[in-house]
Amino acid sequence: MESIHWNSLVNPNFSLNQSLRRKNRAVFDRRDASLRRGRTFSAVRTSVTATATDVSTRNAAIGGNSSRDAAIMTTAKSGVRLGKSSSALEQLDIERGVCVPFRKYSPETVRSKVLESRGSVVSLVSRGVEIVWNLGLYWSTLMYDFLVGRDEEVVPFRARQLRNLLCNLGPSFIKAGQVLANRPDIIREDYMNELCILQDDVPPFPNEVAFQIIEEELGQPLEALFSKISSQTIAAASLGQVYRATLRATGEDVAIKVQRPQIEPIIYRDLFLFRTLASFLNGFSIQKLGCNAELIVDEFGEKLLEELDYTLEARNIEDFLVNFKDDPTVKIPGVYKNLCGPRVLVMEWIDGIRCTDPQAIKDAGIDLNGFLTVGVSAALRQLLEFGLFHGDPHPGNIFAMHDGRIAYVDFGNVAVLSQQNKQILIDAVVHAVNEDYGEMANDFTRLGFLAKGTDVSPIVPALEAIWQNSAGKGLADFNFRSVTGQFNKLVYDFPIRIPERFSLVIRSLLTQEGICFTLKPDFKFLEVAYPYVAKRLLTDPNPALRERLIQVLFKDGVFQWKRLENLISLAKENVGQMSSNPALRVKQVESKLDLTDTVKDGARLFLLDEGIRRKLILALTEDSKLHVEELADVYKLVEEEVDIPTLAMQVVQDLPNVFRDFVLSWSNSVLSDR
């Protein structure tokens, strides 16, 4: 990459703006601390009109409240809580099961920013006319096609026309098109397929403008911070562009992400117009989706404004670093917090192989199967373990490191799942395994796909048909795209809304499955995903997962011996797949499935839980025979996975506690009988 030195780049009119730099650092630190706390909060029961004192008092008691309740605590960029919030945002917070103590987006904030001056009103009217005119013309062509009876035959042309129209209307509409590409509840599938290729690539803005923004944000001349910078952008998108540079102080290579000039007022203006137009569509949206159109705009607006604030992206990177700090198979770039501001982000340069080049990965000596297993496991950990996942893992954002690790970049678009949402997702997996489609439908309501009170009985047969049709093909033919296609039809036939965070989940899984197919056309996603889930169910000490494991192993009160054997075999398979990755061999990570804690917890549960004890005894003696053979088969599978000396020592150490709990359990049962 050609680089240019600073004697030809320095702006002679540049004046050091230390106060601006101090302001940016203070804003970053306040928001960093506040939002990090917000991510770990459970939801808080509070009134929308609660005072700041009331909110603080209730936050002190946050641990005792149900995760179905939520505090609606919204704020402008300065961090001031609004006394009143829109009902749409209130519904979103309750549905998510999380508390957002500081929020950049709210309808009130958008309105105040857009209408703050007379000139902005003129710009708003002009932009509104442009949007209505262009969308109106497009809508009229659709109506004409319908009236003359050619609406189906011209779909491919009209879909391309829509994609080009969104590109011409600017960054807000490009982002809206990318969201619509994953929203079968809003747009039909053939249009979605066209919008899936909607590219974020746009011509870069001039280097001089980008360098001036960097200097303004960081408060220092470029040559004071960087010894060189690329003469061309590495990537340019609708919201910003990226350069490669070298830090003067350390000689480290970094990526500099710079926001497009004056884009924030444009985004705010378009969001105001989106929400105004949505208010006229509420009746139609409630009928078709079970929610008002303003809620959909609010979801979109929240994510878009988060992407505009690079201090939030820096915080996302730090959270990913914490999550994967003990994982030797995943590389997250470091972020230079002292060189970040709302419009500039500086992070470690990732020197890896693009995931669109399978031959280059093989030439680097990386085992393809091991690498793909690492990628799928990392994605599932984000979704089911951390509840914080990369929302845009396209091939340009994922790299294969030369040591076998998978590397992620671009953390502007991430989504958060609450503990409650993660548990419901695991419940849905358990219900699918147990073929309990009625409870699967209820899971959809609990996750926000269906409005509360919706009769799920018509949906149950459709869910059963989709799952049995997909699962019946076996792992060899199962893929998320085919399931998603069938689910899209279900969404189109019923009042189902796909919440924004789950549209990101769907897009993330589909994109990563597509990358896997690019690297290995015969790759079977579930052949990796199932072993990971099995290993997680068997080894995770989380009480909620232990409970789900019991639900999986018992069906209609009968213990499923074969299912237990399959779980153990799949979990061992996951360990074997992971061990083929060179990153694990270099780190000398033990490639063994350790079930010691699981066996210990199972023994403890057997002693203390009368219901489980009765079920297990029945499992060993059902059909009037001792199931010694099944027990022996299970033992053969786990004998190498259980550290007997360690288990014996832990049992001895834990014996007083177990005895105490046993006595308490026995005494409680005696008292309850009386």
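# A walk through a predicted protein model

In helix α17, the residues Gln420, Asn421, Lys422, Ile424, Leu425, Ile426, Asp427, Ala428, Val430, His431 and Ala432 are buried, where buried means under 20% relative accessible area, exposed means over 50%, and partly exposed covers the range in between (1.4 Å probe, protein chains only). The structure is a predicted model, in which local features need pLDDT of at least 70 and side-chain atom pairs count only at pLDDT 80 or more, whereas totals for chains, interfaces and linings use all residues. Residues are numbered from 1 along each chain as its sequence is written, and side-chain values use heavy atoms, with hydrogens and water left out.

With 11 of its 15 residues buried, α17 is mostly covered. Helices (H or I, at least four residues) and strands (E, at least two) are DSSP runs, numbered from the N terminus. The expected span of a helix is 1.5 Å times one less than its number of residues; for the 15 residues of α17 (residues 419–433) this gives 21 Å, which agrees with the 21 Å between its end C-alpha atoms. After α17 comes glutamate 435, whose phi is positive, near 55°.

Turning to the whole protein, its secondary structure comes to 29 helices and 14 strands, and buried residues make up 50% of its 674 residues. Contact means heavy atoms within 4.5 Å, and among contacts between residues at least 6 apart in sequence, 71% join residues at least 24 apart. When neighbours within four places in sequence are left aside, arginine 507 is in contact with Gln178, Asn182, Gly391, Asp392 and Asn413, and with a relative accessible area of 14% arginine 507 is buried.

The strands come next, and two strands are said to pair if DSSP finds at least two bridges between them. Strand β5 (residues 253–259) has six of its seven residues buried, so β5 is largely enclosed by the rest of the structure. Strand β4 (residues 240–247) runs antiparallel to β5 and is joined to β5 by seven bridges, with glutamine 241 having valine 258 of β5 as its bridge partner. The hairpin of β4 and β5 has five residues between the strands, and there glycine 251 takes a positive phi near 80°.

Elsewhere, four strands form an open sheet in the order β6-β11-β10-β8, with mixed pairing. Its edge strands are β6 (330–331) and β8 (353–354), each of which pairs on one side only. β8 and strand β10 (residues 398–400) run antiparallel and are joined by two bridges, and the bridge partner of isoleucine 353 is alanine 400 in β10.

Side chains of opposite charge can pair when their charged atoms come close. A salt bridge is a side-chain nitrogen of Lys or Arg within 4 Å of a carboxyl oxygen of Asp or Glu, and by this rule the count comes to 25. In one of them, the side chains of arginine 158 and aspartate 145 meet at 2.6 Å, N to O. This pair links distant parts of the chain, since arginine 158 lies in helix α6 (residues 155–168) and aspartate 145 in helix α5, 13 residues apart. Arginine 158 is buried, with a relative accessible area of 7%, and aspartate 145 also counts as buried, at 1%. A salt bridge at 2.9 Å, N to O, joins the side chains of arginine 244 and aspartate 253, where arginine 244 counts as partly exposed at 28% relative accessibility and aspartate 253 as partly exposed at 32%.
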